[in-house]
Amino acid sequence: MSEKQQRLVLAIIDFLNQSVADGTVKTEDKESLDIAIQCIGESFGVDPNSQEQVEKLSVKPTTLQSIFDVYMKTRDKVGARAQTSVSEDTASSSASKAPTAEDKAKADKLKQEGNSLMSAKKYDEAIEAYAKAITLDGTNPVYYSNRAAAYSSKGDHLSAIGDANKAIEVDPGFSKGYHRLGHAQYSLGDFKAAADAFERGLSVDPNNAGLKSSLASTKAKISTEDSEVSPRSSPAAAAGAGAGAGGGMGGLADMLRNMGGGGTGGGGGMPDLASLMGNPAIMSMAQQMAQNGGLDQLMQDPTVANMMNRVQSGDMPSMEELMSNPQLRNLASQFGGIGGAGAGR
């Protein structure tokens, strides 16, 4: 039984117990509900009377009721906003079917302004800049795609999905739109929808390396989710304007090479430990490896164990040596993240 399921079961039991305590449930139904609570707990291995288990699984001060209320409000709000956004963008697009050269120039300048704001992590202002560009030229999919990136960067993945779909609607051959869509769906935990988006993107751009690596990582995630081996995790989003997709061994190698170019890097062009620990992509991958038993698996490899002993003695292995180790290549392929939400053009 996964811990995620047990958390949900404990929240349900807490809700039922609260319903008994506050009188929501009729007195004559209390005994039946108590039996049901006991059966539910036993079926899922959850004991609400175990202080140790409660401390481990409880989501308090949040309650199941409050989580559901937030979901309902978010769903209603997003639904209304999506409808409004579609109407506004449709009207804007209709009015801009043939934007003038001046409109296009102004829109492009606003896009560049939005990209600069993205680099400064001023996501709301970037969204506003892209929206103005869309008003001037609603026929350019890049503006919707970049606004989707800004939404994802601030955690509003539902809005990102709306803009990514709009970018695809404007230009079905715009592969970046499929990547934005897949990234947002992945971030919301809808891995099958994310895989579908990446596959659709590859149907129009078969050689897109970012889409290929993202699809591979997402399929691996679907596999682990189905077998309940690992908890859901979100792909690391690439920071700033112009960030592309990356993953697997190729993305990891490129990242390490970029990090190792200067400063206090170790032997063989490798970055120092502080640089590695400060990199969010490295930390995300390390956390996934720890959760999935990847670190234990890695250290059982005698070649890797020898490398670690060398590192401790100050002899840092070269990048070529690291990349040639099949165990490292396998783990990087398994745990590689999906490139994220930076503005793309």
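In the predicted model, the span of residues 107–140 is 79% helix and 0% strand, and its end C-alpha atoms lie 9 Å apart. This span is one of two that the UniProt annotation "repeat: TPR", taken from an unreviewed entry, covers; the other comprises residues 175–208. Over residues 175–208 the chain is likewise 79% helix and 0% strand, with the end C-alpha atoms 8 Å apart.

The packing of two helices was examined next. Helix 9 is formed by residues 175–187 and helix 10 by residues 191–204. Their axes are 8 Å apart and meet at an angle of about 170 degrees. Because angles over 145 degrees count as roughly antiparallel, helix 9 and helix 10 are therefore roughly antiparallel to each other. On the side of helix 9, the contact is made by S175, Y178, H179, L181, G182, H183, Q185 and Y186. Helix 10 contributes F191, A193, A194, A197, F198, R200, G201 and V204. By residue class, the contact of helix 9 with helix 10 divides into 9 nonpolar, 6 polar and 1 charged residues.

When neighbours within four places in sequence are left aside, S19 is in contact with T24 and V25.

Methods. Residues numbered from 1 in each chain as written. Predicted model: local features only at pLDDT ≥ 70, side-chain atom pairs only at ≥ 80, totals over all residues. Heavy atoms only, no water. Axes fitted to C-alpha atoms, helices over the stretch in contact; angles between N-to-C directions. Helix = DSSP H or I, 4+ residues; strand = E, 2+ residues; numbered from the N terminus. Parallel < 35°, antiparallel > 145°, perpendicular 65-115°, else oblique. Contact = heavy atoms within 4.5 Å. Nonpolar A, V, L, I, M, F, W, Y, C, P; charged D, E, K, R; others polar. UniProt positions renumbered as here; feature names shortened; annotations may be inferred.
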